[in-house]
Protein chains: 2
Amino acid sequence: MMMMVRKSKGLGERHQKILEFIASYQREYKHPPSIREIGEHCKISSTSVVNYYLDQLEKEGLLERDRKISRGMRLVGNNNPLGDLLRVPVLGVIQAGEPIPIPPSDFNPFTAEDTVDIAASLMPSKEKGKDLFALQVQGDSMIDAMINDGDIVVLKPAQEARNGEMVAVWLNDRNETTLKYFYKEKDGYRLQPANPAYKPILLKKNEPLDIKGKVVMVIRKVDRLAV
Amino acid sequence: MMMMVRKSKGLGERHQKILEFIASYQREYKHPPSIREIGEHCKISSTSVVNYYLDQLEKEGLLERDRKISRGMRLVGNNNPLGDLLRVPVLGVIQAGEPIPIPPSDFNPFTAEDTVDIAASLMPSKEKGKDLFALQVQGDSMIDAMINDGDIVVLKPAQEARNGEMVAVWLNDRNETTLKYFYKEKDGYRLQPANPAYKPILLKKNEPLDIKGKVVMVIRKVDRLAV
DNA sequence: CTTGACACAGAACAGGCGTTCGGTTATCAT
DNA sequence: ATGATAACCGAACGCCTGTTCTGTGTCAAG
């Protein structure tokens, strides 16, 4: 009888096939396959052999298994078609002259109507708390922050900032919220546009500084037509 | 004995609790809980009652179940912490004076070293093919396209474009690839920067127009410090 | 040729887990 | 009061599924 012998130390043909099957199965059924299902689709007649391969894939670090649990396996890292999403509520619209809404502490993302999903892998682990919120930019008011009409800005609530962070700040004299890089200087604060073609705003120490949040991400969907 | 009676037709406290438990369990263990595990954490002593609630949640359209399959349940839509990701390969860097790389047809996302995950829900369904690719912007060369140093641009391969679409186009005379809105005009083409503070580029009909791809998304992570 | 590692097959075991059914308590309209 | 209905409980049934054990054919090293 013909036997497959793995020449190289790496992955054999069957390892690859199993990996691909798990990924495609999970894409289709939204849950992992059972050992027997893997066997059927990969022409492996014994569950013990599938188990044997899964053990190897686990040793290779390509798979994680929850023993004793039905379908308790998942592809590790980049092979997993299903991944963690952060559900970020879109609280409203930001535009010149409008204050930005702040999420109430009892905010429940389950009942939020408008949310955007962000792959958790895109976020630094520090920001993965559930207090993130998003705003949709309306108009050209954020153009000096390199942010276009329609962009989605993801923010983390904050009342203060460190040098170089982009913050949403309420400008009392202009009666608007805007996005700028924040710098503390010896005689006050400098709010620097992201686009060097625009001039910074200088605030004296005695002027009120009302930071609403830090920008952690900007997302622009370009599927619509521009003007 | 005290019984919970659902006054409103909507979700009761227990429905909510079960929903939240499934989400948190799935976030932690990467697979759905069993009926008995739900019961334990939600103080429901009978598996039949959990089943009873799951049926209701399914009828409400908040849950999908694969009967007969262990842990065969998933939260529907926005409640599901695990979702479809698009694995977009980052093929390289785009900067003034550099041509952008084009993905070879035999490109295998499984072996790609550098990828970004995009929540599938962020993409219009049309673009969900696997031929998307991404580029990292280096330098300020794309500043007129409202794209900053470090931004990630997601592109769909294309050789032509319709009016109003943002394209990556090779400018032969300038010896660089750039991102502009595309417009066809009667005597040629107009390549319009996204920022109205910059002037458009006008191309005559006889000048070569070399479109590399259409921009479908721009992602800016603002966790780093700016200059 | 012997030995051992490897790649399998098949069967049996045991626990996990969804399902179902009979029964109980509380609320409410009639 | 009374029946209907919704919200439970507990136990039993039985399939699903991971695990384990015994055995076999292949191949390369000693």
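Strands here are DSSP runs of E with at least two residues, numbered from the N terminus, and two of them pair if DSSP finds at least two bridges between them. This is a predicted model, in which local features need pLDDT of at least 70, side-chain atom pairs count only at pLDDT 80 or more, and totals for chains, interfaces and linings use all residues. Residues are numbered from 1 along each chain as its sequence is written, and chains are lettered from A in the order in which they are written.

Show Lys184(A) next; its bridge partner in S9(A) is Tyr189(A). The hairpin that joins S8(A) to S9(A) runs through 2 residues.

Val169(A) stands opposite Thr178(A). These strands form a hairpin with 4 residues between them, and Asn175(A) in the turn has a positive phi of about 60°.

Move to the contact between the chains, where residues count as in contact if their C-beta atoms, placed from the backbone, lie within 7 Å. Chain A gives 45 residues and chain B gives 47 residues. On the side of chain A, S11(A) supplies the largest share, 7 residues.

Select S3 (residues 82-94) in both chains: the two strands pair in the antiparallel sense over 3 bridges, and Gly83(A) has Gly83(B) as its bridge partner.

Finally, compare the interface residues: 100% of those of chain A are also interface residues in chain B, so the copies meet through the same surface.

How values were computed. Two residues are in contact if their C-beta atoms, placed from the backbone, lie within 7 Å.
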